[in-house]
Amino acid sequence: MNKKTLIAFCLMASLTATAQRAKIKTVTPVAVTTTVGKVPMLPYRLWVTYADGHGEYRQVKWMNAALETEKAAADANKYPAGSSYDVQGYIIGDNKTAAGFPISAHVSVVATEAPVPQPKPVAEPLPLGSVQLIGDNRLTHNRDLDIDHLLTLDPRQQVYNYRDTYGLPTDGYPVSDGWDSPTTKLKGHGTGHYLSAMAMAYASCTDKAKRQQLKKNIQYVVDQMRQCQEMTFVYDKQLGRYREARDLAPESELRQLGGTWKDFDRYKTDCAHYGYGYINAIPAQHCALIERYAPYNNEEGVWAPYYTVHKQLAGLIDIANLVDDKKLAAKALVIAKDMGLWVWNRLHYRTYVKTDGTQAERRAKPGNRYEMWNMYIAGEVGGMQESLARLSEMVTDKTEKAHLIEAANFFDAPAFYEPLSRGIDAIRDRHANQHIPMIVGALRSYRSNANPYYWHIADNFWDLVQGRYRYAMGGVGNGEMFRQPYKQMVSMATNPAGPDINETCCAYNLAKLTKDLNAYHPNDARYMDYYERVLYNQLVGSVNPREYAVLYQYAVGLNASKPWGNETPQATCCGGTGAENHVKYQEAAYFTAADTLWVALYLPTRATWQGLTLRQDCTFPAQRSVIRVEKGKKTFTMKLRVPYWATTGFSVQVNGKELADHYQPGSYVTIDARRWQKGDSVVVNMPFTRHLDFTPDKMDITRKQSYKPMWAAAFMNGPLVMAAKDVRSWDEATLSSEADADRLSFVPDYDADRHITHYFRIDGAIEDTAYVDTTTLTELLRVAEQRLAEQQAWDAMEKKVPEFAPWAKNGIDEMRSRYEAAKAFVANHKGNGAVVASELNAALSMMRPGNLAEPADLKELLEALQAARAIAAPTQRLKDAMGYAEMVRDYVNDGSGTKDLIRRGLTGLRAAMPAN
């Protein structure tokens, strides 16, 4: 399809046939076993067959998602080995009942543990440098745009904060900006992303001159980092050894350790006490502060100490793996190894785990990792576990390897991991991108520790996200948080910041997790079906093809416009992952074992593997792909993914001969082992089929009004989310007839930009009107009561532990009001129960943790910003203050700003304004 052309569909006729007129005849039966003490993992999609013989996958909503229900299912006393029970569920988007098409799953409880794969993966993706994107298409355009932009960035700016932190002269080094600026405590995160992006760009770049410049800039930053790191190699005669991480801030000092900017300026004068191997763009005390449970507070606390460490480790590891200069790669690896061992030393000697008792008891002594990694944002560690596990695989010294494996497992998060390992949804209400990388780390550490506990954590998490939390384009989150399960539509329609939800960092990390899981189950097409979804829609669509800029929140829902920005890796977290995303599109296109090649994605690429060169010619996105052997000979089996959406017309010809009579969507088709040689070709035809991707909850409320409940769905054309232009209201986005659909013009979401709508209300009559939803309001009341109890208990504390309330004031006040209305409805049944439930649901979805600012807290800052904009000739100081204030405004609206940021922004504006 022409990417510049709007596509007009007669969608109602073709798409709603499955949703409205075609009757479901059969659904694949569901019967599962689960180990005693664990919640069953039920399929998030099922194959349905319609009365007309057509079949496709449809999404499922299971009615066991309430936390109390899951805890009961995991109770060995209630469901001992040998027992069984049924779970009610519904095919969503169907109008058999108001809840969908009813189904059930039969669960048998057994004593034996579920089998897990061996710690060593079955297959691995081809290395990034072994696969090159080819041709002139959106993918190569985005790649080259990203590479060219990276080459404009001054590497001296990337090392400014290191030189400042280690007391080296900074004259001639541009001050960093964004979240690496002098006013933030996340310094170094951007440089880590910069190093990863540069290494990936080097591996993906086809221009020799540009590759040389990329390597030169990488070398410059690595050399400067090593210079700083070597300043911590200080021998202490009294200790009789080098000063180590454990020596920094003994407990008596740690308890009084300050987190103000004045304190940090003092710490920067004494890098000799950071401890052997410490390398970071902010003093080592930043990592120590989390041990005394310093909260997320940019002025007096911390931001995310180990998050910055991870980004730098990841960048160095990527250089070691992707840059084909042995000396440079070795230097990057030794820097990463020394810092990894600093982390081991600090956490081995100074931290512990205590899971029992009250929170005050668990925090009585510094260093309890149960509490440290369970703190909102302050405890965000990025992929520390993953990077340390990868480092353990790269070093050869047995002691260092053992220490790095142990260090990786120091980042276990028991409050999060333990429930997940048993299938309990511990995802709800957590900061999304704080926790997704933890799962990536759990899976990576499984390679080294071989403990099935870590496999179950990752496997369960991925399944739960697919069924309960993802949007059509593959991403997750609202205000940076997971909300309640199966509540995507209410998050979209009631978000205070409008459609600016769905953080791109989350998509980046979910793609990484999916790639790593696929390595264990390369024959399970679910993984690459999802990877294709998130890559083709959110990731490819998150860079502006006209002028380099990337997205923080992707923008999902009604009348959304992509909020372009984040032009540098340090601008925001998504500026960092954004710099990486577009130089690695091909990283999961092919997976290999000794004698098997999986074609997981249909992308225009050239791949080299064990002396063989394969070329895949296709457009992007592809409905036909030709795979040819360009060079070499090899005997192997080839497996080709049949996408879940390929329900009509899929075919494979090997050297002109049809391979099979039938191809099952959502599977792999096998070309048996044969001797492949130059000239052999495989032609894959896969016409896009249109289908609907429903939200599990109906669209019935916005922040301003309620609506008749209707299913809401995104229109899909093959793997592509189709966005409609210039739909400005939910009334316009309600489709009741073919004429309603005929007026819409669609464009693939990756190519969309301004005033686009992704989801539509699909009107249709309910067949069985006897169904009454008696569970939703009950579950919502239970959640509300728990949050009110948490807040009340904190209010009653004489000594506040933690120092911030569980929930921010405006949000809990609004929720309390909706809760009282819901209780009144239950008591007298006056009013509309569905509306009451939706209003309570919306209030719960808009709540924020107590240490975060809310949009209402921005009032004074916005007024001051408006006054500043009225100044005809603002000074540079005022311009800088306005820029900071705008950053704070955006961060608060996105869902992670704090009141201290607002105060600093307001103070800066007032000080910079001209005197009257």
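**Close-up 1. Helix 28 and helix 29 are roughly antiparallel to each other, a term used for angles over 145 degrees.** In this predicted model, in which local features need pLDDT of at least 70, side-chain atom pairs count only at pLDDT 80 or more, and totals for chains, interfaces and linings use all residues, the axes of helix 28 (residues 876-894) and helix 29 (residues 899-912) come within 9 Å and cross at roughly 155°. Residues are numbered from 1 along each chain as its sequence is written, and side-chain values use heavy atoms, with hydrogens and water left out. Helices (H or I, at least four residues) and strands (E, at least two) are DSSP runs numbered from the N terminus, while axes are lines fitted to C-alpha atoms, for helices over the stretch in contact, with angles from 0 to 180 degrees between N-to-C directions.

**Close-up 2. The contact (heavy atoms within 4.5 Å) of helix 28 with helix 29 includes Leu-878 and Val-888 of helix 28 and Leu-901 and Gly-908 of helix 29.** The residues of this contact divide into 13 nonpolar, two polar and two charged, where Ala, Val, Leu, Ile, Met, Phe, Trp, Tyr, Cys and Pro count as nonpolar, Asp, Glu, Lys and Arg as charged, and the others, Gly among them, as polar.

**Close-up 3. Five strands form an open sheet of mixed pairing, in the order 7-13-14-18-21.** Strand 7 (124-125) and strand 21 (667-676) each have a single partner strand, so one side of each is left without a neighbour in the sheet. Strands pair if DSSP finds at least two bridges between them, and two bridges join strand 7 to strand 13 (residues 590-593), the two running antiparallel, with Glu-124 opposite Thr-592 in strand 13.

Definitions and conventions
Parallel < 35°, antiparallel > 145°, perpendicular 65-115°, else oblique.
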